[in-house]
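Please consult the sequence and the model as displayed here.

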Amino acid sequence: MQKEAAIREPLILGHKTFHDVTEDVCRPIEDKAPKMWYILFTIALIIGLYGIGSICYLLGTGIGVWGLNKTIGWAWDITNFVWWVGIGHAGTLISAVLLLFRQKWRMAINRSAEAMTIFAVFMAGTFPLIHMGRLWVGYWVLPLPNHFGSLWVNFNSPLLWDVFAISTYLSVSLVFWYIGLIPDFATIRDRAKKPVSKKMYSILSFGWSGKAKHWNRFELVSLVLAGLATPLVFSVHSIVSFDFATSIVPGWHTTIFPPYFVAGAVFSGFAMVQTLLLVMRKAMNLEAYIHTKHVEYMNIVIMVTGSIVGTAYITELFISWYSGVEYEAYAFLNRATGPYWWAYWSMMTCNVISPQLMWIRKLRRSLLFTFFISIVVNIGMWFERYVIIVTSIHRDYLPSAWSMHYPSHIDIAVYLGTIGLFFTFFLLFARYFPVLALNEVKTILKGSGQSYKESPDYHKHH
Amino acid sequence: MSDKVIYAMYGDDEVLKSGAKKLVSNGIKIAEVYSPFPIHGIDPIIGVKGTRLGIMAFLYGLTGLALATFGMYYFMVVEWKMNIGGKPNFTYAENMLAFIPVTFEFTVLCAAHGMAIKYLLLNRTLPGMPAQNPDPRTTDDKFVMEIRLSENHGFTDDQVESLLKDTGFVELEKKIIE
């Protein structure tokens, strides 16, 4: 059995047994949902349905219903796409990169973070698809034999790389998540009393029985999937940044984009994880498993990635001056002092200043403060994408073409709708799925549980 | 042929492990261990060999790499050469840099899904498969060792039971399966 230093804070508080872990995670699924769940679910669903209605209107009418114009061909749609993909980066980072680094605190949060990832990538995928205007020919992005002769998709285009990157990321994350879920579904199946839920969870658990050979394979598959998903985490947002970086638009044509986008993605993803988990741990009584130490670790990740993002912003400014290219310099001057100055400075405040507050131990261990900062970061990261996309193109080479972007109500409704759908999915997940990787948590109970750490014979062996 | 099976249930993974060690040193073959989470170090004791799924994943990855390479070579170089901005890109080598992202993604896609499907098939864990654990508590907090008499010639069930006696099990069950 693996032991860790006694002075490390235990990862599981209280005197939990294996059975307690099962109870704590399964009870919210087996009990009746609290009234608050129904209220939140209804609100999220209504907003989500309004979003779907707006998408239907958009598809029926054309993307002219968005506030785009001849100068600004990309605005809220791609902003939202990049924002959601960014949020979707925390889950796989937690479950893959932290698995490779053997960080045990990931076990309490990886399941829900990865669920969040999958739902966020769903929402992200919506935007490029509806941006096509003709959703029904969306499959043309795939290299399929067709009746147009030898017409293939262009593999030189970063937009096509994106298709491969996002779909690989989504499907691999989904498989990774589900393989981890199978043993936990088996636990729920073996406890289920009602015939309907017994049947449902038997199907979902694929007949998992916990045999030694199966666990042996399980651990290897998790490790290899983590190894495969790790470069994916870094590649997906790099490829998203190529959408901009390989263009020749001043403000987009920067080599710093890939690392800067990846850091920003992890930054915003962890902020969303904090927002969701701080509420979830309270609502589902999981305070013993996701506690101040976990929040502190995540805040440190936010602080580090936030600092990388801040450095990237300043580097970008410096290079725009140092390059001596006046168009490049103007793009950045215009961001900071032009008509979109408010977006630029909200981005700077939210993303550069707020993570620096996490250097203070008291603040990064304060749950209320963390919740507040996580919201601030989510807003700041949305503005980052808006600033990059809209302010770079709204004033192009000919002043006669200069324009402003004003979102139409469909822009806003589709965006809010994806937030509603995201929460609808997440609430369903919290209601019917084990939100903690309960069988994985049991493996660290003896090494990092409070009662075992405090027991007198903890230091005896090994 | 009917077979007698003994299930010894434990409340702790370490206790089961030391019990298994004792039994194996006495020449008993343990057919299976059911546990709610992986027991580290049990595999060499009960003779479970390391899986070769990692090698399979590598092969699936190579398949993806080859498919992506040949696919893009065919689409972009053989079947329809694209003249983009007059830049020379009519050979694979000149175009290769642009193909790296898709090659990488497709390699990962094939490796991950190939391995995941292989894993589910090997385990026979598929939608609708029946659970095989002898007791529902083995997915909660109990650990069960399964000993089959047909695999242990020269032992009677009483002999096995007496060997099990002071291994610290919490429950013992004997079953005859057809």
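## Helix α10 of chain A

Gly324(A), which follows α10(A), has a positive phi, near 75 degrees. Helices are DSSP runs of H or I with at least four residues, numbered from the N terminus. The model is predicted: local features need pLDDT of at least 70 and side-chain atom pairs count only at pLDDT 80 or more, while totals for chains, interfaces and linings use all residues. Residues are numbered from 1 along each chain as its sequence is written, and chains are lettered from A and ligands numbered from 1 in the order in which they are written.

Helix α10 of chain A comprises 31 residues (292-322) and should span 45 Å at 1.5 Å a residue; its end C-alpha atoms are 44 Å apart, which agrees. The expected span is 1.5 Å times one less than the number of residues.

## Packing of α10

The buried residues of α10(A) include His294(A), Asn299(A), Tyr313(A) and Ser320(A). A residue is buried if 20 or more other C-beta atoms, placed from the backbone, lie within 10 Å of its own, and exposed if 12 or fewer do. The buried residues of α10(A) pack against several helices of chain A, among them α9 (257-283) and α14 (367-393).

## An exposed tryptophan

Trp136(A) is located in the loop between α5 (110-131) and α6 (158-191) of chain A. Trp136(A) is exposed, because 8 other C-beta atoms lie within 10 Å.

## Contact between the chains

In chain A, 52 residues are in contact with 58 residues of chain B; contact requires C-beta atoms, placed from the backbone, within 7 Å. On the side of chain A that touches chain B, α8(A) gives the most, with 16 residues.

Conventions: Helices (H or I, at least four residues) and strands (E, at least two) are DSSP runs, numbered from the N terminus. Two residues are in contact if their C-beta atoms, placed from the backbone, lie within 7 Å.
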